[in-house]
Structure formats: C-alpha cells, structure tokens
Amino acid sequence: MFSQQFITKLNRAQTVTVLTGAGISAESGVPTFRGTDGLWKKFRPEELANFDAFIKNPDLVWEWYKYRKQIISEIKPNAGHFALAKMEKIHKSFSIVTQNIDNLHRRAGSKTVYELHGNIEQNYCIVCYNKFSNEEIIRSEKAPRCSCGGLIRPDVVWFGEMLPESQWSASVMASESAEIFFSIGTSAVVYPAASLPMIAKRTGAYVVEINLERTELSHQADEVLIGKSGEILPKLIDVCYH
Ligand code: BJW
Ligand code: ZN
C-alpha cells in the first residue's frame with residue numbers, strides 16, 4: 001500500500017506538515033460538506049457559509065450551526081486524529097493545519113494545530129465584537145442577539161472573508177519547510193487552504209494525499225492513498241515506525 005520511497009522519507013523526516021479537512025472527522029460522525037452525503041437540507045456550503053446569507057436568513061444559518069454544534073459536542077476523536085497526535089511525538093517538527101472547526105485534533109492530544117477556518121466553540125457579536133461561549137447562546141430558539149442588539153455569529157471563516165492572519169502565515173511557513181506534506185480528507189477545492197500542498201511541493205516536499213477518492217490535488221501528489229484516514233494512518237504508523 002505504501003511505497004518504499006515514502007516510508008524511507010517519512011522515517012527520516014524531521015519536518016512534517018499535515019493539512020486536514022472534513023474527511024478526517026467523518027469517522028467520528030461529523031458530516032462533510034460536499035457530495036450528496038455531506039449536504040445539509042440540500043444546501044451547498046457556499047449558500048450557507050457566507051455573510052450575506054447570514055444577514056438574509058440568520059435563523060437558517062443558525063439552525064445549521066446549532067445542528068453541527070450539537071453533533072460536535074457528542075462525538076470523540078477517531079483513530080486518524082490519534083495517529084497524527086502520535087506522529088507529532090516522533091518528528092522534530094510536526095504541524096497540523098486544519099480547515100475543521102471541531103477541535104478534534106486538540107482533543108486527540110495534538111499540540112501544534114493551526115485553525116484556518118475558526119472554531120465552533122466561540123461566537124461574537126457582529127456589532128460590538130463581544131465574545132460568547134456556546135453555553136451562553138445555545139438555548140435561544142432563533143438567531144441569538146447581543147445585549148447591544150447586534151446579531152451573534154459563530155467565530156468561523158465564511159466565503160469572502162479573510163483567514164486569521166497568524167494562523168495563515170504559520171501554515172504557509174510550515175508548508176514551505178515540510179519534507180513530507182500530507183493532505184488528508186479534504187476535497188482541496190477551497191482556497192487559500194488548497195494552495196498549501198502546492199506551496200509545499202514547490203519548496204521540495206513529498207506530497208501524500210489520503211482520501212476516499214481522487215481529488216483536485218491527486219494529479220500533483222507524489223503518493224495517493226485511497227481509503228479511510230482512520231484506517232490508513234494507524235497502518236502507516238505500524239509500517240513506518242516499528
Ligand atoms: C475522507 C473520509 C475518510 C470523507 N477518510 N477522506 C474562484 C477561484 C478560487 C478561489 C475563489 C474563487 N471564488 C472565490 C474564491 C475564494 C473562496 C474559495 O475558495 N471558493 C471556492 C469554493 C471556489 N475562498 C474564500 O472565500 C476564503 N477566503 C478568502 O479567499 O479570503 C480572501 C478573499 C477576501 C475577500 C474576497 C475574496 C477573497 C474563505 C473560505 C472559507 C471556507 N469556509 C468553510 C466554512 C467554515 C466554517 C464551518 O465549518 O462552518 O470551510 S466552507 C467549508 O469548506 C469549510 C471547510 O473547511 C471547507 C473545505 O471543505 P473540506 O474540508 O475539504 O470538506 P469537503 O466536504 O469538501 O471534503 C471532504 C473530503 O473528505 C472529500 O474529498 C471526501 O472524499 C473525503 N473523505 N470521508 C478520508 N473517512
Ligand atoms: Zn453587541
């Protein structure tokens with residue numbers, strides 16, 4: 001399943017960077033975004049995850065986030081998250097760049113995690129920027145409001161919005177310095193996250209993709225491993241670090 005070249009390179013690598021997407025959390029029970037299984041009430045993520053949609057129909061967008069907040073509060077990291085946390089202990093420099101907002105990498109024990117699209121545990125008022133925890137807002141039936149009257153939104157990055165600068169620049173640096181770069185469970189269609197594997201490749205990384213199916217990235221990857229990340233990653237640890 002793994003090429004000898006890959007195993008040798010990974011075994012010797014000091015700097016490893018991993019980009020993850022919704023697919024790594026799928027085996028924990030978090031729905032992905034795209035494909036028929038991923039769609040919520042037949043909406044495409046582009047239709048819900050943007051500020052205009054939120055202003056037009058805050059109750060609908062909040063219904064989606066409450067549904068996802070509920071799922072995420074009830075699930076646990078899976079074997080894929082735990083395998084990555086183990087790998088962090090082996091390599092000198094190991095970073096996870098995640099597009100996910102579900103906290104599962106940290107809950108699995110990973111320490112260096114850059115969150116490109118925010119975090120579902122935080123919320124803020126769009127007028128006064130006051131912060132709110134999930135406990136403070138989860139009970140309201142409709143879109144929650146701040147005492148100043150402003151709408152409260154989840155602290156996540158929607159289409160057309162900038163990524164958090166510190167997380168983005170750290171992710172670019174980690175990609176540029178990677179000897180091995182993994183792209184795991186992402187359809188690799190949302191930018192700028194999808195540019196990181198290419199940045200890594202340009203600066204000499206061996207790019208490895210793990211996904212249930214081929215993606216936009218596959219033709220540029222050095223190794224494409226088709227299957228579930230929760231099965232492939234533990235196998236990789238067995239083969240590579242025994
Ligand atoms: C498994 C598996 C298992 C399943 N094992 N695998 C035209 C061209 C290029 C770019 C643009 C463009 N027009 C606009 C843009 C920019 C835009 C963009 O990229 N659009 C494209 C869609 C065209 N990007 C942005 O707007 C970004 N900001 C930006 O660019 O700022 C600059 C700017 C400022 C002002 C104006 C314009 C530009 C922001 C992007 C924010 C994305 N936000 C979301 C929501 C986050 C909050 C939330 O979670 O609610 O992020 S959308 C959604 O997509 C979410 C995800 O993080 C992101 C990526 O999805 P992901 O993770 O790849 O999930 P899926 O479902 O797509 O794929 C899952 C994969 O897993 C599949 O491949 C499965 O096969 C696989 N899988 N089970 C392994 N067990
Ligand atoms: Zn406010």
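Predicted model: local features only at pLDDT ≥ 70, side-chain atom pairs only at ≥ 80, totals over all residues.
**Entry 1: helices around ligand 1**

Helix H2 (22-26) and helix H5 (58-74) each supply at least two residues of the shell. I then looked up which element gives the most, and that is H2, with three residues.

**Entry 2: the rest of the shell**

Next I went through the residues themselves. There are 35 residues around ligand 1, and Tyr 65, Thr 186, Ser 187, Tyr 191 and Asn 211 come nearest. Sorting the shell by class gave me 16 nonpolar, 12 polar and seven charged residues.

Where does ligand 1 sit relative to the domains? I found that domain 1 (4-30 + 77-117 + 162-240) and domain 2 (38-74 + 123-156) both give residues to its shell, so ligand 1 lies between them.

**Entry 3: backbone contacts of ligand 1**

I checked polar backbone atoms next. For Gln 99, a backbone N or O atom lies 3.0 Å from an oxygen atom of ligand 1. For Glu 161, a backbone N or O atom is 2.8 Å from a nitrogen atom of the ligand. Leu 212 also has a polar backbone atom, 3.5 Å from a nitrogen atom of ligand 1. I noted the cover as well: on its own ligand 1 has 1500 Å² of accessible area, and the protein covers 76% of that.

**Entry 4: the zinc ion**

Which residues hold the zinc ion (ligand 2) as protein donors? I listed Cys 125, Cys 128, Cys 146 and Cys 148, each through SG, at 2.3 to 2.4 Å from the ion. The angles among the four donor atoms run from 103 to 122°, and the site is tetrahedral. For reference, I wrote down that the ideal angle for four tetrahedral donors is 109.5 degrees.

In sequence, I read the donor spacing as C-x2-C-x17-C-x1-C. Cys 128 lies in the loop between strand S4 (118-125) and strand S5 (131-133), while Cys 146 is in the loop between helix H8 (134-137) and strand S6 (152-156), so this pair ties together parts 18 residues apart in sequence.

I finished with the backbone geometry. Most residues other than glycine have a negative phi, and most peptide bonds are trans. The peptide bond from Tyr 191 to Pro 192, however, is cis, with omega near 5°. I placed Pro 192 in the loop between strand S7 (180-184) and helix H10 (196-202). Lys 42 has a positive phi, near 65°, and I located Lys 42 in the loop between H2 and helix H3 (45-48).

How values were computed
Residues numbered from 1 in each chain as written. Chains lettered and ligands numbered in written order. Heavy atoms only, no water. Near = heavy atom within 4 Å. Polar contact = N/O pair within 3.5 Å; in protein donor to acceptor, adjacent residues only side chain to side chain. Areas by Shrake-Rupley, 256 points an atom, 1.4 Å probe, with all protein chains shown as cover. Helix = DSSP H or I, 4+ residues; strand = E, 2+ residues; numbered from the N terminus. Nonpolar A, V, L, I, M, F, W, Y, C, P; charged D, E, K, R; others polar. Domains from an automatic or database assignment. Donors = N, O, S within 2.8 Å, 3.2 Å for Na, K, Ca; no water. Tetrahedral: all angles 85-135°; square planar, octahedral: opposite > 155°, others 65-115°.
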